[in-house]
Amino acid sequence: MTASSAIASHGPNRLFTPPRLIALIGLASLALIGGAWFFELVIHLQPCKLCLEQRVPHYAAIGLALAALVLARSPRLQWLVLLGLAGLMAWSTGLGFYHAGVEWGWFVGPNDCGGAASAAAGMQDFMKQLQTTRIVACSEAAWRFLGLSLAGWNALVSAGLFLLAIFGLLRGKAVGAP
């Protein structure tokens, strides 16, 4: 085996196989969800409605990636999974961009974006809830790093994962997948 054939068998072609791309996207989504839960449970940043909506595509991506790694053995199925992951990451990018835009004042947020109180038994309970309920507005970034809010970071990372899935789809076309 020559040096060039050893590099070819262990180089970028082996690094970006569909199962590895699927696993990478699933793990990245798991890391994003883990980060969201860390900020919520440890740092005590309460999520707004749009924050919670941004988690949905990542939950779906984790489930899809896990199922694919167990069940999708054929190149055709792996290609379809990458297509599904690309769609989920496009959805997540759009949600993150929209939420970051609401925070920057570029877009109007949803009317119902705020805190919700649970049902009160009486007027006294209702008044107590009003005093203790913290409303989380979608238009206020609770935390920023390098000028981007968590929604902005979600949009950026999700866009990168979308491009990774597209890369896998295009490679799959080159090697004969649908």
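Colleague: In which hand does helix 3 pass helix 5?

Modeller: Two packed helices are described by the angle between their axes and the distance between the axes. This is a predicted model, and in it helix 3 passes helix 5 in a left-handed crossing. Helix 3 covers residues 18–41 and helix 5 covers residues 75–104; their axes come within 10 Å and cross at roughly 30°. Angles under 35 degrees count as roughly parallel, so helix 3 and helix 5 are roughly parallel to each other.

Colleague: Which residues of helix 3 and helix 5 meet?

Modeller: From helix 3 they are Pro18, Pro19, Leu21, Ile22, Ile25 and Ser29, and from helix 5 they are Gln78, Val81, Leu82, Leu85 and Met89. The residues of this contact divide into 9 nonpolar, 2 polar and no charged.

Colleague: How far can I trust the coordinates?

Modeller: Look at pLDDT before reading detail. The mean over the protein is 77, and 70% of its residues reach 70 or more. Over residues 1–10 pLDDT stays under 50, and there the model has 4 contacts beyond four places in sequence.

Colleague: How many helices and strands does the protein have?

Modeller: The secondary structure comes to 7 helices and 2 strands. Read from the N terminus, the order is α-α-α-α-α-α-β-β-α. The protein has 178 residues, of which 31% count as buried. Among contacts with a separation of 6 or more, 76% are between residues 24 or more positions apart.

Colleague: Are helix 4 and helix 5 roughly parallel or roughly antiparallel to each other?

Modeller: Again, start from the angle. The axes of helix 4 and helix 5 cross at roughly 165° and come within 9 Å. Angles over 145 degrees count as roughly antiparallel, so that is the description for helix 4 and helix 5. The crossing is left-handed. The residues of the contact divide into 16 nonpolar, 6 polar and 1 charged. Helix 4 contributes residues including Leu50, Cys51, Val56 and Leu64, and helix 5 contributes residues including Leu88, Trp91, Leu95 and His99.

Colleague: Where is cysteine 51 placed, and is cysteine 51 buried or partly exposed?

Modeller: Cysteine 51 lies in helix 4, residues 49–71. Buried means under 20% relative accessible area; cysteine 51 has 26%, so it is partly exposed. Cysteine 51 and histidine 99 are 48 residues apart in sequence, and their C-alpha atoms are 7.8 Å apart.

Colleague: What is the crossing of helix 3 and helix 4 like?

Modeller: The axes of helix 3 and helix 4 come within 8 Å and cross at roughly 140°. This crossing is left-handed. The contact involves, among others, Ile22, Gly26, Ile33 and Trp37 of helix 3 and Arg55, Tyr59, Ile62 and Leu69 of helix 4. Its residues divide into 14 nonpolar, 3 polar and 2 charged.

Colleague: Which residues does asparagine 154 touch?

Modeller: For a single residue, read its element, its accessibility and its contacts. Asparagine 154 is in helix 7, residues 150–174. Its relative accessibility is 9%, so asparagine 154 counts as buried. Leaving aside residues up to four places away in sequence, asparagine 154 touches Leu32, Gln54, His58, Ser92 and Gly96. Asparagine 154 and serine 29 are 125 residues apart in sequence and 9.8 Å apart in space, C-alpha to C-alpha.

How values were computed:
Residues are numbered from 1 along each chain as its sequence is written. This is a predicted model: local features need pLDDT of at least 70, side-chain atom pairs count only at pLDDT 80 or more; totals for chains, interfaces and linings use all residues. Side-chain values use heavy atoms; hydrogens and water are left out. Axes are lines fitted to C-alpha atoms, for helices over the stretch in contact, and angles run from 0 to 180 degrees between N-to-C directions. Helices (H or I, at least four residues) and strands (E, at least two) are DSSP runs, numbered from the N terminus. Angles under 35 degrees count as roughly parallel, over 145 as roughly antiparallel, 65 to 115 as roughly perpendicular and the rest as oblique. A crossing is left-handed if the near helix is turned anticlockwise from the far one by less than a right angle, and right-handed if clockwise. Contact means heavy atoms within 4.5 Å. Ala, Val, Leu, Ile, Met, Phe, Trp, Tyr, Cys and Pro count as nonpolar, Asp, Glu, Lys and Arg as charged, and the others, Gly among them, as polar. pLDDT is the predictor's confidence in each residue, from 0 to 100. Buried means under 20% relative accessible area, exposed over 50%, partly exposed in between (1.4 Å probe, protein chains only).
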